[in-house]
Amino acid sequence: MAMKASYPDIQGGGSLMLAWQVRNRRILVVGGGEVAAGRIVNVLNADAKVTVVSPRSGLNDEVAYRIEQKQVDYVDRKFEPSDLEGVDLVLTAVDDPEASTQVYKLCQEKRIPANIADVPPECDFYFGSVHRDGPLQIMVSTNGNGPKLANIVRRQIASSLPSNIGAAVQRVGMLRRKLRKVAPTIDEGPKRMQWMSKVCEQWTLDELCDMTEEDMETLLGFYKPGTVPTLDAVRLHEADGAYDGPFLI
């Protein structure tokens, strides 16, 4: 019998948390009220192509604005089965349980992922409460148990984050892209990850935010030996053209 190791315990009942890439995917939003407006913002922020199906009488001001600004395509009528043609994802937000269930069943037949607002059993995925700061996104989900509570938890988490965290993430992303050009091969992958981890762990958020492109180019010169100099050492190296002092933190 195998000895119990220090492996994570399995906690069933959760969701698979993913950063789903829907850029240029066609997403159908059925409904035009407040909930639909929030869904539209979420998917537009993910660069999706959005079609809204709703009678004009059911549009709130925000959805009407998105349509007027041509941020979404619009069909002025109730949902019809033909609306699912060429669609990658469906979001419904209408006060008609019977119509919503019909949409969900059609999506199941066509294997199209769907979210039926406020009906957890008819959702292939849930929307969480999201904090956004530039490229940084943090989502809190209660798996359909308490959306309002998820919002409260998200605000508490957001209030504890440094104000410059989004900018730091942007700079790290830029450095990472430059590193891939310096070390593009697949077999360099583990070394790239280890070196980037060192940078993130050893530099403060303020230093990461303050890092210029010139600093990045100088720092990348230390990738090959696998060392991570301090920001001060990087700038001394830039100023002097050479630096023989202590580079490691």
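**Helix H5 and its packing partners**

The buried residues of helix H5 are Ile165, Gly166, Ala168, Val172, Leu175, Lys178 and Leu179. They come from a predicted model. These buried residues pack against strands S6 (129–133) and S7 (136–140), and against helices H6 (189–202), H7 (205–210) and H8. Helix H8 also packs with helix H9.

**Helix H5**
- H5 is made up of 18 residues.
- From first C-alpha to last, H5 reaches 26 Å, close to the 26 Å expected at 1.5 Å a residue.

**H5 with H8**
- The axes of H5 (residues 165–182) and H8 (residues 213–220) come within 10 Å, crossing at roughly 45°.
- Angles from 65 to 115 degrees count as roughly perpendicular and those under 35 as roughly parallel, and H5 and H8 are therefore oblique to each other.
- Their crossing is right-handed.
- On the H5 side, the contact is made by Arg171, Met174, Leu175, Lys178, Leu179 and Val182.
- H8 contributes Glu213, Met216, Glu217, Leu219 and Leu220 to this contact.
- By class, the contact of H5 with H8 holds 7 nonpolar and 4 charged residues, with no polar ones.
- Leu175, Lys178 and Leu179 of H5 are in this contact and are among the buried residues of H5.

**H8 with H9**
- H8 and H9 (residues 231–240) pack at about 95°, and their axes are 10 Å apart.
- This angle makes H8 roughly perpendicular to H9.
- Glu214, Asp215, Thr218 and Leu219 of H8 meet Leu231, Val234, Arg235, His237 and Glu238 of H9.
- The residues of this contact divide into 3 nonpolar, 2 polar and 4 charged.
- Leu219 of H8 takes part in the contact with H9 and also in the contact with H5.

Definitions and conventions
Residues numbered from 1 in each chain as written. Predicted model: local features only at pLDDT ≥ 70, side-chain atom pairs only at ≥ 80, totals over all residues. Heavy atoms only, no water. Axes fitted to C-alpha atoms, helices over the stretch in contact; angles between N-to-C directions. Helix = DSSP H or I, 4+ residues; strand = E, 2+ residues; numbered from the N terminus. Parallel < 35°, antiparallel > 145°, perpendicular 65-115°, else oblique. Left-handed = near helix turned anticlockwise from the far one by under 90°. Contact = heavy atoms within 4.5 Å. Nonpolar A, V, L, I, M, F, W, Y, C, P; charged D, E, K, R; others polar. Expected span 1.5 Å × (residues − 1). Buried < 20%, exposed > 50% of the residue type's maximum accessible area, 1.4 Å probe, protein only.
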